[in-house]
Amino acid sequence: MEFHILGTVELWDGQPRPLGSVKERIVLASLAVDIGRPVPMDTLLHRLWEDSLPQRARENLRTYVSRLRRRISVDLDAPTVTQRAHTYTLQADPQSVDLHRYLSLIAQARSLVDSGDDQRALRHLDEADEVWQGEPLAGLSGLWPQQVRDALILRNLAAAMVRAGIALRRGHFADLVGPLSLLTSQHPRDEAIAEHLMLALYGCGRATEALRIYQEVRRELVEELGSEPGQRLRHVQQSILRQVSVGDLIPGSANSHLQLHSTPPPQNLPRRVELVGRDTEMELIHAVLKASQNDMHGTIALEAIDGMSGVGKTALAIHVAYELRPLFPDGQVYLDLRAHGGTHKPLTPDAALQALLRILGVPSQRIPQDIDESTALWRSLLTQRRLLIILDDASGPEQVRPLLPGDSPSVVITTSRRRLVGLPGLQHLSLDVLQESDAIALFRQRVADERTRNTSEVAEIVRLCGYLPLAIEIMASRLNSHPSWSTSDLTYQLVSSSRRLAEFRDGYRAIARTFEFSYRWLTTEQQTAFRRLGLHTGSEFGLHAAASLTGLSLDETKHLLEDLLNHNLLQEPTPHRYRIHDLLREYARTLADTEEQEHQRELATGRLIDSYLYLADLADRLVYPHRPRTPVEVACIPDAPAWPDPAAARSWFTLERENLLVTIEQAWRTGPPHRAALFAHALGGMLDAERHGPTAETQHRQAITHWRSSGDQLAEARSLIDLSLTHAHAGDYPRAISSATRALELARAGNDEETAAEALHQLALPYRNQGLFKKALALQQEALDIRLRTAGRHQIARSQNNLGITYLHLGDYDTARVSFQAALEGFQVSGDRRSQALMYNNLGDLHLITENHDQARRSYERAMDLARSDGNAVDRAIIQMNLADILQVFGELDSALTLYRQTLAIFRDIGEKRSESAALNGIGTVLRTTGQHNEALAHHGRALEVAQQIGATSEEVKAMLQLGLTEYQLGRKDVATAHIEAALAIAHDAHAATETASARKILAAFRNERS
């Protein structure tokens, strides 16, 4: 049974149920509005007849109530109207009344907005809109119905303002102008509506109209109320006059979010290449950009450079960006749109927007998934920023259009092989080949003066090159590679060739012929190296990868790479890191397919995979020495890197991350699966530490399938351990337990105590996180017993550390301290600085719980010092969150809140749900301490929701305790007590001594205060 009062007053039981007179409807509405609360008879009488009571008013009221009871009493579980002490109460679920559903949805939306979850807030607002069926209490007249209507219309208006606030933060300015204009006409003196409309108009670039709205509201207020607009509206008006960024005027907007995590202006331009010629083109571009510099009213300058391949479009754009850097204090941004990206597909507008937003520092979890929302966010970030943006190698206007800012003082330069049409305001610059004098100058710049004194011969060379910059540079490099040649010798070679650069007239075929021309001048070894390098699938590579492809020594490969650099067939973006242009790589692969035997290509690719596998295993053993290993059966790499410490090996993982992930996919495609499964295992530590959850799960599952089919049970057990850890960090504890349990069974069946101990070690983790501390303790003790018999000091220390954490949860602080100290000594002996950092963090937790606050702070600070040099981002975030806990104790609330918010962003980004809950709880605690109780409730509620999603008992209990304390301070003492009692029950069942004691202490304080 449902009660509808938003619109016509109705009873609804799958279909409308008949109601009687208007008076009966007023009684129903009165009881529904106050559902669950006694409504005095006198109040009902006043609502029905105001001050003009009929003679039999009370009898009539009883008749209306009696009829209402009959209409709603359809079965035993139906709502009822009870009478007690001259009051009537509608006993029913508040959610059965559309008004209360509506108000609940609005309240939840507000809380979600306060906690930063605009997406879910919008869903609640959408549901609320569906519940709102029109004017409340439609058709009912009288003072009370009108009072209810007026109040609810104001609530509906407030909900509209919440929705408008979200839209402003998302940059949906144009969508707001119409609805807000209508509301302004209906509420001409409402300053909140006027403020939202002014911001929407200003965000659309309609500053004049925004200021006119201010004047209209001010006139209305002065004439009707004799007062001036409030301080907030005046601030918005003054800010518009000063051309303050619209993002800075919108609380919680993307701009204000980014200011919390301020980063230096983006500077990701590729290496600058000295430009020869192009004076006329530079003057044209300078004129456009300097004109835009003087226009700070939001007119964006768009410059599109188009022309054939190899003509120098990108070089010109980058040269301009470096020359005009001082004009763009907010940074220079470069993005390759990869229209001709070889094996890489062109970036979709959505992918390009995400890349641009990341360059500007927007965290991954804040980037919208919808392209329209991404476009709006991108444009809002650039409203008042002056950036120079290079969109390189565009495929066409449809790719570029969503990437263009709206009204902005920024400048966009696009390069494309196609002429971009259909983009408003675009300034076209079609780049032609060089003038003869410039072409000669370019050649002479690349070749020593004494070899280019014959101007006529140089002129003939550049003419045969078609004055194409890429061809000229290649030929100059070729001359440099032959010291015995003269310019006449080079001319003869070009004239006698059957191929001419004058044939290069369009697109890819022109560039391919240019590459072919260059390729034929390479030595046999250089050609082979060029073809083989094209087999590399990553965006860049190092010397060892190149050597594996060529099959040569490092020194020989280094010399060949130098040759290819001289021929401009290779780039070196950073020292000893190499990159082939996408088109060149495609050409090289075509050559490999046509000029190499299939088995030669397979050998080269196999050597590349083996190289990455060998180095990954080597680095993994240094960075993650605790992992039980399946032996990697590949040949030793000559002159392999000798990393001095784990930090250096970890840096190699960071540098090669993209190549490793691409190569393991190639390993599965090309086979054999045994090698690919080994590769997945070798990357297990990196994938876990950097929280590549979905990728890790896919790789480990493929490896498990292979080991199972091949009958290698111990290798399967080790991959199951890898998978268990992936599940545990993702908060999927049941699957983590299942994988680790199976790994333990296989390890025991194979009599492999090392793997069995690790399976026990990892199996304890999800049990502990679920609050099953006794179970976790038994597993950890069993793992320690095995390691005391069979393992070294480092593995024993790992078990002692885990035991200490569990004893800490169980409230056995003395045993926890002994375990932590023993573990710390073990990690110090083994030289594992990362684990030392984690140990100091755990000791900090112990000191914090036992209220040794000074020592706790020192421990956390020591942990952070170690983690900065030897830990990963997740380690640092966890320690940083614990530092925030101790800062709260010392009353440094602003610093604590900043740390909590920074770590929350990290945990959400990597999907670390358990830590996300803890960070939300920390934020809520600071907000409660500073008197922001409603905001605190929203954060604690979200923390509880996240903890319950994954079954993290400790975090669930902590969130309940904080909810209870916050509700108590708000005066809702029964609700508060219920939260604490629920927390106590869960903590008691989990044998969580610390949380149990905390809950009992809080309940005792509640009782003492009440007594």
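## Basis of the model

Helices (H or I, at least four residues) and strands (E, at least two) are DSSP runs, numbered from the N terminus. The model is predicted: local features need pLDDT of at least 70, side-chain atom pairs count only at pLDDT 80 or more, and totals for chains, interfaces and linings use all residues. Residues are numbered from 1 along each chain as its sequence is written, and side-chain values use heavy atoms, with hydrogens and water left out.

## Overall chain

The chain contains 46 helices and 13 strands. Its C-alpha trace spans about 125 × 80 × 55 Å along the principal axes. Of its 1011 residues, 54% count as buried; buried means under 20% relative accessible area, exposed over 50%, and partly exposed in between (1.4 Å probe, protein chains only).

A contact means heavy atoms within 4.5 Å. Among contacts in the chain with a separation of 6 or more, 64% come from residues 24 or more positions apart.

## Strand pairing

Two strands pair if DSSP finds at least two bridges between them. An open sheet is formed by 3 strands in the order β1-β2-β3, with antiparallel pairing. Its edge strands, β1 (2-4) and β3 (16-17), each pair on one side only. Strand β2 (residues 10-12) pairs with β3 in the antiparallel sense over 2 bridges, and L11 stands opposite R17 in β3.

Strand β6 (residues 87-91) is mostly covered, with 4 of its 5 residues buried. Strand β4 (residues 39-40) runs antiparallel to β6 and is joined to it by 2 bridges; the bridge partner of P40 in β6 is T87. Strand β5 (residues 80-83) is also antiparallel to β6, through 4 bridges, and T80 stands opposite Q91 in β6.

## R589 in helix α26

R589 lies in helix α26 (residues 582-595).

The side chain of R589 does reach the backbone oxygen of H536, at 2.8 Å. The cut-off for such a polar contact is a pair of N or O atoms within 3.5 Å; within protein, one must be able to donate a hydrogen and the other to accept it, and residues adjacent in sequence count only if both atoms are side-chain atoms.

Helix α24 (residues 543-550) is largely enclosed by the rest of the structure, because 8 of its 8 residues are buried. The buried residues are L543, H544, A545, A546, A547, S548, L549 and T550. G551 follows α24 and has a positive phi, near 80 degrees.

A315 is found in helix α14 (residues 313-323). At 31% relative accessibility, A315 counts as partly exposed. A315 and L180 are 135 residues apart in sequence, and their C-alpha atoms are 47 Å apart in space.

## Cysteines

With a disulfide taken as a pair of cysteine sulfur atoms within 2.5 Å, the count comes to 0 disulfides. C204 is partly exposed, with a relative accessible area of 24%. C636 counts as exposed, at 55% relative accessibility.
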